[in-house]
Amino acid sequence: MQRSTITTSEPDENGHWGQFGGRYVPETLVAPLDELTKEFTRARHDAEFWRELDQRLRGYCGRPTPLFHGQRLTAHAGGAQIYLKREDLSHTGSHKINNAMGQALLSRRMGKRRIIAETGAGQHGVATATVCAMFGLQCIIYMGAEDMRRQALNVFRMRLLGAEVAAVNAGARTLKDAINEALRDWVTNVHDTYYLLGSALGPHPYPLMVREFQRVIGREAREQILSATGRLPRALIACVGGGSNSIGLFHPFIGDQSVRLIGVEAGGRADSLGEHAARFHPTAASGGGRIGVLHGTMSYVLQNDTGQIATTHSISAGLDYAAIGPEHAFLHDNGRAEYICASDAEALEGFTLCAELEGIIPALESSHAIIPAVRIARELPQSDAIIVNLSGRGDKDAQLVAELNIR
Amino acid sequence: MSRIRDTFAGLKRTGRGGFIPFITAGDPDLATSELLLIELAAAGADIIELGVPFSDPVADGEVIQRASERALRNGVTLRDALACVAHAKQQIDVPVVLFSYFNPLLQFGRDRLANEAKQAGVDAVLVTDLIPEEAQAWTETLQQRELDPIFLVAPTTSDERLVRIGQQARGFIYAVSRAGVTGARDEMTHDAETLVRRVRMVSDLPVAVGFGVSTAEHLREVWRFADAAVVGSAIVREIERLKTAPDLVQRVGKFARSLLATNQQNVGDSTALHLP
Ligand SMILES: Cc1ncc(COP(=O)(O)O)c(C=O)c1O
C-alpha cells in the first residue's frame, strides 16, 4: 500500500473522519452527547483541567510509565532494538486508567454521580471502579457472562472496589452485548448518569475524547525514545480492540512520516466469519473489510451480508469485538496506518515469549503484538528501534492460560 | 400525495385518534407476520409499523429484543420484510412504516432500498439510530421515491433540534414518550404531553406518541393531546405469549380491538385536532 502523507488526523466538528465516525444513536441520546461534547471541548482547552489530570496520573496511577529496552527479546529477534512501553505498570494494570481518570474528572465537572461502563477483559471495568471508588461515585459495570467467566479475577476486583457488576446474558455474552446493555441503561437514566465508555469507539465525542486521554502514551513514548536513541523509531506496534491503546500511542507520531504505525487485530482461531475479530481481514470468507454502523459510529464492522452484526472470537476478551474505532478506519483507508492480525496461537506464543525472555507477563490482548513485533524487528537493522505497546499485564489471564495447559 | 398525510387528514376530519400497532417481521414467522398485517388492518389500525429484525437493538427493551431474536433465528432479512409487505398489500390498503436500525439498510443500499420499498408498497421509513444530522442523503433518496422519512423526537430533544427535525420529517413525527427503551409500562408519564406541546409549536406535522403505550386507557390518554398512539411491546408480548397457538392471528386481532374499544369516545374532542 502506498504510504500516506497525512500529517494530522482530526475529525470535523461532528466527529467525522472522512466517512467514518459520527453519531448513529437513538434520539434520546443526542442531548447528553451534545452536553458531553460541550463539556469535553471546554475541558480540552482548559489548562487547569489537564494540570489536574496530569497530577492524578502521576500521583495515583504511576505515570510516566517506563519505556523499557527489551534486550533479550531484541537478541531473539536479531534485528531492530525492541522497546516496550510499559502500560502494564500503570495502576490497575493497563492503559485503561488513563481514559477512566480523564472521564471521571469530566463527570465531576458535569455533576453526574452515577457512572456506568461496559467491559470486555475487565480492565476498563476495574479502571472505572477504581476511579469511582476514589471519587466516591456510584459505579455499575456491564459485562458479558462469558467474559465474566474468562476474566473472573477482574470481576472479583471490581466488586472489591465497590462496583456492581451486572451480568449480560444476551448474544455471545461478550463486549458487544455489554455495550448494548450499557447504552440501554444510559438511554433510560440520561438525567443523572455518565457513560464512561472504555475505548476509542461509540458516538461522537467518545472516539476523539478517549484518544485525547490516551495520547499520553504516545507523548511519553516519543520523548523517551528520542532521549534513549536520539531518533524516531521505525515502527510502533499495538494491539487493536476498539483501538484506544493503539491510537493513544500512534497519534503523537502521525506527522512523523518515517514511523510506521502497525495495529494488530485478533486473528482468532480461523479465518471464517465468527472465528476472529479482524475487521480489516483481507480474505473474502472472513467478512472483513466491510463498512457498517455499530454502537453509534460508522467504521469497519464484522457482519453478514444482510447487515446483522457477526459474533466474534478471540482468546482475549479485550479484542473480541465486531467493530473498530472510526479513526482507525480512516487511517487504514488513507494508508497512514497498517493493520495485520495475530492468531490465538500467536498470542499465546507471544505471552510465553515475553514472560520467559523479559520477565514480564503481558495481557493476552497485548500479547498479540509480540510475535508480529519480533518479525518486524528481524527485517530491520540493529541500528533501528521499534516500540511495542504493552497495554496491560497478564495476571488476569494466568488462570486461563494455565487451563489451556500451555506450560 | 402521501398516503400517511391522507390518513391523518382523515383522522382529523372524523376527530378520531390514530392507532399504530407495531410488529416485527418474521415473529414468530413470516407467514404469520403477513397475516398479522392483514388482521391488524381489519382490527382498525390506521398505520402499521413493521420492524426489521436486528442483532443489536439498543433502543429496544426485552420484549422487542426477543421478537428480533425469534425472527433472526428464522433467518428473516430486510428483503423478507419487504416481501411480507408486498404480499399483505395485495389485500390491505393501510399505510406501512418500515421500522429499522440503520445497518441492515446501509448494507442493502440506499437506492435499492428506496426502489424496492416503494415497489413493495411501503409508505414511510423510520430508522431508530439515524438522526437528521446523519440522514440527509437518505432523506433525499427516500423522498425522491415518495417515501416519507419519519423521525423520532424525545423528551431530551432541544427546541432547536425540534425545528430541524420538523423540517426534515414528512408524514408524521414520532414522539418518544419518555427517556428509555421500548417496553410496556403500567403508567404513562407527563413527559409525552409536554413534548407533543413543544412539537406543535414548531411543526404542523401530525404527532404520534409511542414507547410504553400498552392499554386502552393509555391510548385514550394519548389521544387527548396527540394525533395517534403507537403500540409496540404490548402487541409483541401477545404474539410471544401466543406464539404456538393455532389461532394466534385472531387473538392478536382481538387484543388490538380491545385497545380500540373506547376510540368512539374520542370523537369530537377538539384537543385531538392540532392547531395550525
Ligand atoms: C490490556 C488491554 N489491552 C488492549 C485492550 C483492547 O482495547 P483497546 O483497543 O481500546 O486498547 C484491552 C481491552 O480490554 C485491554 O484490557
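## Polar contacts and the domain boundary

A polar contact is a pair of N or O atoms within 3.5 Å; within protein, one of them must be able to donate a hydrogen and the other to accept it, and residues adjacent in sequence count only if both atoms are side-chain atoms. In this predicted model, 16 residue pairs are in polar contact between domain 1 of chain A and domain 2 of chain A, both residues being at pLDDT 80 or more. On the side of domain 1 of chain A that touches domain 2 of chain A, 15 residues are nonpolar, 11 polar and six charged. H8(A) provides the largest share of that side, with five residues.

## Domain layout of chain A

The domain assignment divides chain A into domain 1 (24-58 + 96-206) and domain 2 (62-93 + 215-406). The centres of these two domains, taken over C-alpha atoms, lie 23 Å apart. Domain 1 of chain A brings 32 residues to the contact, and domain 2 of chain A brings 39 residues.

About 2700 Å² is buried between domain 1 and domain 2 of chain A, with carbon and sulfur atoms giving 58% of this area. Of the area that domain 1 of chain A buries against domain 2 of chain A, 23% is supplied by Tyr24(A), Arg150(A) and Lys176(A), more than by any other three residues.

One salt bridge is found across the interface of domain 1 and domain 2 of chain A. Arg150(A) and Asp320(A) meet through their side chains in a salt bridge, at 2.7 Å from N to O.

Both of these residues are also touched by Thr174(A), whose contacts beyond four places in sequence are Gly144(A), Glu146(A), Asp147(A), Arg150(A) and Asp320(A). Thr174(A) sits in the loop between strand S7 (164-168) and H8 of chain A. Because its relative accessibility is 7%, Thr174(A) counts as buried; the cut-off for that class is under 20%.

## Interface between chains A and B

Chain A and chain B each place 32 residues in contact with the other. The area buried between them is about 2600 Å², and carbon and sulfur atoms give 55% of it. Glu27(A), Arg184(A) and Gln308(A) supply 27% of the area that chain A buries against chain B, more than any other three residues.

Two salt bridges cross the interface of chain A and chain B. Glu27(A) forms a salt bridge with Arg161(B), with the closest N and O atoms 2.3 Å apart. Helix H1 (30-44), H8 and strand S11 (291-294) of chain A each give two or more residues to the side that touches chain B, and H8(A) gives the most, with six residues.

Definitions and conventions
Residues numbered from 1 in each chain as written. Chains lettered and ligands numbered in written order. Predicted model: local features only at pLDDT ≥ 70, side-chain atom pairs only at ≥ 80, totals over all residues. Heavy atoms only, no water. Domains from an automatic or database assignment. Contact = heavy atoms within 4.5 Å. Buried area = accessible area lost by both parts, 1.4 Å probe. Salt bridge = Lys/Arg side-chain N within 4 Å of Asp/Glu carboxyl O. Helix = DSSP H or I, 4+ residues; strand = E, 2+ residues; numbered from the N terminus. Nonpolar A, V, L, I, M, F, W, Y, C, P; charged D, E, K, R; others polar. Buried < 20%, exposed > 50% of the residue type's maximum accessible area, 1.4 Å probe, protein only.
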